Protein chains: 2
Amino acid sequence: MFTIRFLPSGRSIDVSSPISVLEAARLARVQIESTCGGKQKCGKCKVVIRNSMPNILPPSAPEKNLLGPDLVAKGYRLACATMATDNLTVFVPRETRTKRQVILTSAQELPSAGSIKPPVLPCHVTVPSPTISDPTADRERLVKAMEMEHGFKVLYTDSLIVRKIPALLRSTKGSVRILVRKGNEIVGIGHQSSNGPYGIAIDVGSTTVVAYLVDLAKTKILSIKSSMNPQIPYGDDVISRISFCQQTEEGLEKLHRSIISCTNSLISEACKDIGISKKEVVEVSVVGNTAMHHFFLGVNPQFVSLAPYAPAISSAQEYKARDLGLEIAPSGYVYFPPVKAGFVGSDAVACLLSTGMYRSRVPSLMIDIGTNGEIALGDRNSIVCCSTAAGPAFEGGHIKWGMRAASGAIERVRIDPHTLEVSLKTIHNNSPIGICGSGLISSVAELIRTGCILQSGHFNDIIKTPRLRKGEEGSEFVLSWKQENPTGHDIVITQKDIAELQMAKGAIRAGISILMESLGRRVRRIYLAGAGGNYIDPLDAQTVDLIPSPSNCQIIACGNAAGHGACLALVDMKKRRDAERIAGKMDYIELAASPRFQDLFVSHMFFPKAIDS
Amino acid sequence: MFTIRFLPSGRSIDVSSPISVLEAARLARVQIESTCGGKQKCGKCKVVIRNSMPNILPPSAPEKNLLGPDLVAKGYRLACATMATDNLTVFVPRETRTKRQVILTSAQELPSAGSIKPPVLPCHVTVPSPTISDPTADRERLVKAMEMEHGFKVLYTDSLIVRKIPALLRSTKGSVRILVRKGNEIVGIGHQSSNGPYGIAIDVGSTTVVAYLVDLAKTKILSIKSSMNPQIPYGDDVISRISFCQQTEEGLEKLHRSIISCTNSLISEACKDIGISKKEVVEVSVVGNTAMHHFFLGVNPQFVSLAPYAPAISSAQEYKARDLGLEIAPSGYVYFPPVKAGFVGSDAVACLLSTGMYRSRVPSLMIDIGTNGEIALGDRNSIVCCSTAAGPAFEGGHIKWGMRAASGAIERVRIDPHTLEVSLKTIHNNSPIGICGSGLISSVAELIRTGCILQSGHFNDIIKTPRLRKGEEGSEFVLSWKQENPTGHDIVITQKDIAELQMAKGAIRAGISILMESLGRRVRRIYLAGAGGNYIDPLDAQTVDLIPSPSNCQIIACGNAAGHGACLALVDMKKRRDAERIAGKMDYIELAASPRFQDLFVSHMFFPKAIDS
């Protein structure tokens, strides 16, 4: 038995067999950045061993390579590559700690209560007492009274409801409030004066999880809580989590349990926020990409990552929330809108629900920006969709100074066209410590506008400024001098970072092009959605050619449209039917099967709005 | 902390606060007889304290009274009345130990597979693989194939089924066996060569629990297992268990958990018996009296014991077995036939199902003998039923030498009319240690036939035999001399025992009379059912006037009809509908509300077939 202690948190874990420092950190609940999920590829999980004579092997050649000679000299190691076999004290530097993400939780309004068909209806009823001449059972008198007073024909009651009926009927003298779900089941029974009913909509992103607590009767969002997806330590993107779950015993179980427990925490927080019991929450809706959807259900998404990328399940489902371990009202349900394909999840369906483009005559394009860019195009008559692996650039991955949209991230850049001086806007206005997705797009857009970047994506060597210089990895542009920030380094955009952005946007634009070919009409409206979407300036997005720039086209940054769509599906049965129809009628184009994708991808890697040479 | 040790088992329990010896025995899982449930009323829980100077209070006056001076002198105590506050060694004499009951498990045949509508159908199906041009989700391809090949329209799948689909479709190349329940849900999925499906029928008696393992496809009973109801330590009859559950914190939970865990053990044993996994059991049916039914569901039956005796729930129900903690196939169901009233349970409905009298033109009487006698009368046009509190006499309660139908119990008695010599038949032909219900009826019938008992129920003083004598509690008849048995005492039938029998049969006969008045036709067939029913000689039953003796009437001892009915409901949906119709059309007569019951009860306490004086 030996102990691995983490500084500065002081958390420790006792283990009895050799273990990587990264795995030990997971067990000790110390959050360490890891984009590759522990595969010694991303180099994000840098730590410093603080023992004077640690009983560990020296770094291997690949580890040294990822760290670079500077950090190796300073004693840095990769947590995933360092095996602990004896007591170890591990310092986790600031840049390695997983930061709390700034999450877009502002949601659009929900439709008014009068215009919807709620899944759960509260009904007040008076149940007569039994008599010696009519000693009908408690449940049967209740069901009969519901038929007489409210016209419900057959009402199913699970055993947890039945258990409550006898005592409640006596303590209330038969005056009770019943929650009827979909007209055929009693999911709650209580005093006439009971609150609610309440519901929770959950948007499970690969990176962030957001919970919306909603008053189902008033269709009003009462509280919004969010959290990092606790699956991040198992891999930053969908593919690395799927491979974790393939390679690790009980990997699926770990991923499933972590998202359920995160959801339960969010439910608790939201309920605490408005002072209700989580047992008053009777309905949940959950959206996410297909892998998140499967992990939430405890279903292995292994075949989602293998051609032909078939999901395990795609149709809309509802289950007793307790069957998935969700801690709400014991008889409550959880609803899952349909997913469309392996890489077009119920989050995309929810985005469409939120934009309403499936009901509109206006030909619209919807882009949900994330590690996978989900794209849909169409109108009330037809919608085509695809998914494109943009890579983690928009979430800070594979970018030298990339980080998530957390405090201190550069989110907006302005470059003076004359002096090429830089002004930065950071999240929470903290000193800059890195660049998030919108900051990268903003930087590149400004570098294009000021002629610092050419159509090819290369830096323009003609520009003379100390900010544009040769670095270790080729040309780079300095956004923040080391004396202006707390990292001790210049924060730069490298030629390689620009190439990452070019690949990401090339993939999305190729997807858009393939979809546009199928539409045959001009797009008149573009919805830019996704956790990144709200922060991306539509103009910047057009400057870097992330989205097309048709004339007479409205561009709507619609924030967390997936979360809004989840709320709509939560409160309104008609929206659930809409979601099911959307998934049914939407055509899916598998880009991997399109022979033209590769050509389009290459041709869209350029910046058409930059100067030519 | 102190220790209570039980001999001869050697089991012990450590406790930290004062506790009755009876409760300590429960915790230590030492089975001690207790008819009254620990209320210091039945005097069955006799033990001997073996410490030389035990730190306990001397027996109180009521305790002394129940034990009698002989046993008090020998150091006997009542386990329920003795509080342990320090280390204690407790000897449990043979007569106090709960014995394993002989349970009637021979059942009638089940209908042939061709004539029934099974709840769960096995279907073989071949599911095509996904392709890049049609990457439909695994579950949706499966559901579609089921529609194409077998015509099922919409099939619900719970999340536990969904989890299995992806890997199974690949490992079987799409050739799978699906278990479809009621045409609308997949409850099992496996290889083409899977066994079963299997089902389990459970008959929950107050005293015994019987499980029947059935091959659902072949409608064949493969194994029968039985056990004492583990709720017995909490009270021997329904009323004392209900009051335990009122007076004890978590009493309901204890009663619920104990019957569920007993059922799980029986399921395991039965599956082990035929070498299958309990995960291959996909359907369960459960019958019992109303209190047992409620305890099984975890529903408090408190109002069943209070006028107007309304059950908490009476209609037929089905739940996921896992929701009640039953360890069968994870997506399997448990079906509960309806109960009729607070004291006419689903066991009575199952008896009617078994006899088939609800489909017959022959006016029939059905009596289910037990602590509560359930009686039904009628034919295909109408059935009336009632329940009568016969008391525990038929199960050995309140009888001086009474015991359950366990090894060594006297079950049949013959008395030579000339010599008045007695020959005994005991269960397993062991030396006699007590008298079970059928033994009591047989004894009294023979005493009536030989003129030893008068119509009034009194012993006939004119008879001269050393066997008929004055004992401590009045006249008594010796069945077994102390030198002929291992108890060290003469085993006798007392005048008080006869009075108990008179009250029990008086109650049943009064119930029968009230029902018969409503029929207005002669009864042509009598079914004698119940755990006791199979052993009771129909002639003995008529001699003691437990059942009427109409001319031209067939008497059928139909054994454990409730268990047989549970098997019918398990295998056949049509029988479930029948059970629901029976409960719907049956008229219930609450004897407590009948002004004539008391008079009839008194008039039926006599023995009309005995000599007059």
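**Hairpins, a helix and an interface**

Author: Happy to! This is a predicted model. In chain B, strands β21(B) and β22(B) form a hairpin with six residues between the strands, and B:L420 there has a positive phi near 60°.

Reader: Nice. In which sense do β21(B) and β22(B) pair, and over how many bridges?

Author: The pairing is antiparallel, over five bridges. As for who faces whom, B:V413 stands opposite B:L424 of β22(B).

Reader: And which side chains of β22(B) are buried?

Author: β22(B) covers residues 422–426, and its side chains alternate.

Reader: Let's move to α9(B). How far apart are its end C-alpha atoms?

Author: They are 18 Å apart. That agrees with expectation, because 13 residues (437–449) at 1.5 Å a residue should span 18 Å.

Reader: How many of the residues of α9(B) are buried?

Author: 12 of the 13, so the helix is largely enclosed by the rest of the structure. Among the buried ones are B:L440, B:I441, B:V444, B:L447 and B:I448, and B:E446 is also on that list.

Reader: What do those buried residues pack against?

Author: Strands and helices of chain B: β21 (409–415), β23 (434–435), β25 (474–480), β26 (491–494), α10 (495–519) and α11 (538–543). So that brings back β21(B), one strand of our hairpin.

Reader: Which residue follows α9(B), and what is its phi?

Author: B:G451 follows the helix, with a positive phi near 75°.

Reader: Switching to chain A, how do β1(A) and β2(A) pair?

Author: In the antiparallel sense, over four bridges, with β1 at residues 2–7 and β2 at residues 12–15. A:R5 has A:S12 as its bridge partner in β2(A). Four residues sit between the strands of that hairpin, and A:G10 takes a positive phi near 80°.

Reader: Last one: what ipTM and pTM does the predictor give the complex?

Author: Both are 0.84. Chain A averages a pLDDT of 90, with 97% of the residues scoring at least 70.

Definitions and conventions:
Residues are numbered from 1 along each chain as its sequence is written. Chains are lettered from A and ligands numbered from 1 in the order in which they are written. Helices (H or I, at least four residues) and strands (E, at least two) are DSSP runs, numbered from the N terminus. The expected span of a helix is 1.5 Å times one less than its number of residues. A residue is buried if 20 or more other C-beta atoms lie within 10 Å of its own, exposed if 12 or fewer, and partly exposed in between; C-beta atoms are placed from the backbone. Two residues are in contact if their C-beta atoms, placed from the backbone, lie within 7 Å. Two strands pair if DSSP finds at least two bridges between them. pLDDT is the predictor's confidence in each residue, from 0 to 100.
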